[in-house]
Amino acid sequence: MTKLVEQDLRLKHVKHYYVDYKEIKGFRKNIVILENVWFKYPRTLTYVLKNVNLNIRDKEHVGILGPNGSGKSTLIKILIGLLKPTRGSVEVLGVNPRNRRKLVGKIGYVPQNPTLTFTSPTVFDEVFNTAKKLKIPNPEEETENVLKITGLDKLLILDEPATYLDYKAKENLIRILEKIRKNVTLIIASQDPSIITRLCNMMLVLDKGTR
Ligand SMILES: Nc1ncnc2c1ncn2[C@@H]1O[C@H](COP(=O)(O)OP(=O)(O)OP(=O)(O)O)[C@@H](O)[C@H]1O
Ligand SMILES: [Mg+2]
């Protein structure tokens with residue numbers, strides 16, 4: 001961590017730091033814009049996110065830190081359009097992420113609990129089984145085609161990527177991300193500050209509205 005600059009004093013809920021200010025100098029367009037975002041889950045009383053404002057520029061590497069239940073996964077689900085803010089606006093790569101068709105192939109998302117989302121042990125099986133379920137003709141050939149055209153996403157979002165990894169696997173993951181990060185915008189939510197300080201040049205700290 002070379003330098004810590006508090007970036008936006010308006011934020012009550014989110015502390016927003018540039019970890020390495022040098023890296024992000026120069027014009028880069030904002031590809032994630034959150035304005036006055038409030039969020040509460042249905043049938044609950046308390047807001048999980050309170051007036052969050054956030055700009056993430058192209059090729060920035062952003063870490064979201066915060067304790068259990070501080071809203072990291074909720075914020076990420078809003079960014080990828082799985083959840084709709086109760087109030088406020090969200091723009092990702094120029095579109096409202098609820099319009100998910102427009103973002104197909106542009107965002108890579110690794111959820112916190114992959115076992116709840118994926119059912120197969122490999123990417124091939126996952127796509128193949130889905131193709132079969134959807135009764136797509138020639139599922140094997142289609143799977144190969146899909147995997148061939150799936151390149152590196154522009155925006156890569158990882159929710160607690162190191163949770164189930166031992167030391168060696170975590171180091172491997174960090175090495176892979178170090179290699180690809182210069183070409184992508186990276187958002188990593190984690191309770192583990194080490195992964196964030198090694199990979200990110202900007203850090204948000206979610207802390208339930210207190211500073
Ligand atoms: N589907 C849901 N319905 C109601 N409340 C929820 C739901 N999902 C999460 N919450 C609540 O919202 C708050 C934020 O949860 P969230 O999962 O976003 O936190 P987190 O920072 O990702 O936590 P963790 O570090 O455990 O992953 C918590 O109080 C949680 O209990
Ligand atoms: Mg989480």
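1. Let's start with Pro139, which counts as partly exposed because it has 17 C-beta neighbours inside 10 Å. The cut-offs are these: a residue is buried if 20 or more other C-beta atoms lie within 10 Å of its own, exposed if 12 or fewer, and partly exposed in between, with C-beta atoms placed from the backbone. Pro139 belongs to helix α4. Helices here are DSSP runs of H or I with at least four residues, strands are runs of E with at least two, and both are numbered from the N terminus. Setting aside residues up to four places away in sequence, Pro139 touches Phe128, Ala131 and Lys132. Two residues are in contact if their C-beta atoms, placed from the backbone, lie within 7 Å. From Pro139 to Phe128 it is 11 residues in sequence and 6.1 Å in space, C-alpha to C-alpha.

2. A word on what you're looking at: this is a predicted model, where local features need pLDDT of at least 70 and side-chain atom pairs count only at pLDDT 80 or more, while totals for chains, interfaces and linings use all residues. Residues are numbered from 1 along each chain as its sequence is written, and chains are lettered from A and ligands numbered from 1 in the order in which they are written.

3. Next, Asn138, which sits in the loop between α3 (123–133) and α4 (139–149). Its phi is near 45°, a positive value in a residue other than glycine. That's worth a look, since most residues other than glycine have a negative phi. Asn138 counts as exposed because it has 10 C-beta neighbours inside 10 Å.

4. Leu93 also has a positive phi, of about 50°, although it is not a glycine. You'll find Leu93 in the loop between β6 (87–92) and β7 (107–110). With 16 C-beta neighbours inside 10 Å, Leu93 counts as partly exposed.

5. Now the whole chain. It has 6 helices and 10 strands, and 29% of its 211 residues count as buried. Among contacts in the chain with a separation of 6 or more, 64% are between residues 24 or more positions apart.

6. What does Arg28 touch, leaving aside its neighbours within four places in sequence? Arg28 is in contact with Arg57, Asp58 and Lys59. Arg28 and Asp58 are 30 residues apart in sequence, yet their C-alpha atoms are 5.7 Å apart in space. Arg28 lies in the loop between β2 (14–18) and β3 (30–39), and its 13 C-beta neighbours inside 10 Å are why it counts as partly exposed.

7. Which strands pair with β5? One is β9 (residues 185–189), joined to β5 in parallel by 4 bridges, with Gly63 opposite Ile188. Another is β10 (residues 202–206), also parallel and over 4 bridges, where Val62 stands opposite Met202. Pairing here needs at least two bridges found by DSSP between the strands.

8. The largest nonpolar core has 39 residues, and those with the most contacts inside it are Val62, Ile64, Leu79, Ile157 and Ile188. Such a core is a set of buried Ala, Val, Leu, Ile, Met, Phe, Trp, Tyr and Cys residues joined through C-beta atoms within 7 Å. Beyond its neighbours within four places in sequence, Ile64 has contacts that include Lys72, Leu75, Ile188 and Leu206.

9. In α1 (residues 72–79), 7 of the 8 residues are buried, so α1 is largely enclosed by the rest of the structure. By contrast, α5 is hardly covered, with a buried count of 1 among its 14 residues. The α5 helix (residues 167–180) should span 20 Å at 1.5 Å a residue, and its end C-alpha atoms are 20 Å apart, which agrees. The expected span is 1.5 Å times one less than the number of residues.

10. Last, ligand 1. It is surrounded by 14 residues, the closest being Tyr41, Gly69, Lys72, Ser73 and Thr74; a residue is near if its C-beta atom, placed from the backbone, lies within 6 Å.
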